[in-house]
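Reader: I have a model open on my screen and would like to go through a few spots in it with you. Could you take my questions one at a time?

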Amino acid sequence: MMIRYASYFIAALLPLLLFRWFAPASIGEIDFWLLWLLAMVLVSLPVIYAEIALAYRSAEAPLAGMQKLTREADASALWRGFGWLAALVAIIIAALVISGASTGILTALTDLNSTPEVPSFAVAAGLMVIAALLSLLGVTPLPIGLGLMLIGLIFGVANGLPNITFAMTNISLGEWARAVALALVSVGAGTGLYWFGQNRITKQAVTAVGVDNHYAQNPSRAQASNEYRATKLVLPIWILQLLVGMVALFISGMTLPPIGQLLYWAGVIFVASYLLHYSTQQLVHKFGLLVSLVITAVIAIVLVVAIPTIWLVGILVIISTIAVLLLSVFAGWQMKISHLRKSLNFGNEAFYNLWRVAIRLIVPVALLLALIGWVMQWLS
């Protein structure tokens, strides 16, 4: 039952997890809010549609699904890189939030006059090991993590909301870059998480029907297939992201009291475990469960110990942007039109044409402009 709601938990959690890395400097900039909303509509929404369509078409998780889809479309194996990059992006997000958790927990303990005499990198490595072990529980840690994070944020709200002064500023490519990164990474677009969630729901339904030994001749299955609409899956996720994102923008600069910080960061560890679970499940297709778990844990520990947090943000931006670019170009230019039309099953042909223009042209151009903006910002 929990699997059915995993995508909604992720949609609510990712903005709370990641807005703090991109938004604080821009909270009061009205133009940044407008750019973020534009990126949500023009970039994130078409990409989530693409993920759900490819999940429905492949009936597999991202890594295995891309192998199937590239063979079906007679496309280069290069496009299978999306599956590998999606798994890597999830590990990087886990490393980034665990790095933040180690710093936040040490700060909270310092405020409580009980700081352990342990290096921060050792704390981060220990937290990552805990997250890797929790990843064996699958989707179960998600609601626990959300609950702990919300309780921690309530402590922060009780402590006082930040004062925000709104003003219009000059629009730049750097601002567009941050808006696109916020719209993509913080809603999980291009990570394959929604693809993975939809695949798990489909497998669960097929297994349930198969147990009753009437899958082949079950007429309700055919009826459900005819009634399938990608919009029924995508819009609730996207609207939830939008609403939680607006709340997260307001509270991203909020200061949490020590107890609130401990609860919040404990919740983050539980959420990071699901990201590691997702990455492990992708690698299982190639290496088996035990080896995949070891690979995921080792990469995550190396990232959180050896790479500074600010570098992790940059690596996350670059790799997630490349992953989304691969996904958009593959869905827009490599997949057969008839296959995607059936997978999306829009009620109106005009909606399909609008999506196709967005995924083929608008998304790649927006991503390239965002990359240029990030490079300019880093060079300056």
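Reader: Is Asp74 buried or exposed?
Author: Asp74 is exposed, with a relative accessible area of 72%, where exposed means over 50%, buried under 20% and partly exposed in between, for a 1.4 Å probe and protein chains only. Please keep in mind that this is a predicted model, in which local features need pLDDT of at least 70 and side-chain atom pairs count only at pLDDT 80 or more, while totals for chains, interfaces and linings use all residues. Residues are numbered from 1 along each chain as its sequence is written, and side-chain values use heavy atoms, with hydrogens and water left out.

Reader: Where is Asp74 found, and what is its phi?
Author: Asp74 is found in the loop between α3 (62–72) and α4, helices being DSSP runs of H or I with at least four residues and strands runs of E with at least two, numbered from the N terminus. Its phi is positive, about 55°, although Asp74 is not a glycine. Most residues other than glycine have a negative phi.

Reader: And what about Asn113, which phi does that one have?
Author: Asn113 has a positive phi of about 60° and is not a glycine either. Asn113 sits in the loop between α4 and α5 (120–134), and it counts as exposed because its relative accessible area is 72%.

Reader: Changing topic, how many aromatic pairs are there?
Author: A search of the whole structure finds 8, where rings of Phe, Tyr and Trp (its six-membered ring) pair if their centres lie within 6.5 Å, and planes under 30 degrees apart count as stacked, over 60 as edge-to-face and the rest as tilted. One of them is Tyr264 with Trp265, edge-to-face, at 5.0 Å centre to centre with 85° between the planes. Another, Tyr352 with Trp355, is tilted, with 6.0 Å between centres and 35° between the planes.

Reader: Where do Tyr352 and Trp355 lie?
Author: Both lie in helix α15 (residues 349–379), 3 residues apart, which is about one turn of the helix. Tyr352 counts as buried because its relative accessibility is 2%, and Trp355 counts as buried because its value is 5%.

Reader: Back to the other pair, are Tyr264 and Trp265 buried or exposed?
Author: Tyr264 and Trp265 are both buried.

Reader: Last one, what does Ser44 touch?
Author: Not counting residues up to four places away in sequence, Ser44 touches Ala39, Ala183, Leu184, Val187 and Ala189, contact meaning heavy atoms within 4.5 Å. Ser44 is in helix α2 (residues 30–58) and is buried, with a relative accessible area of 0%.
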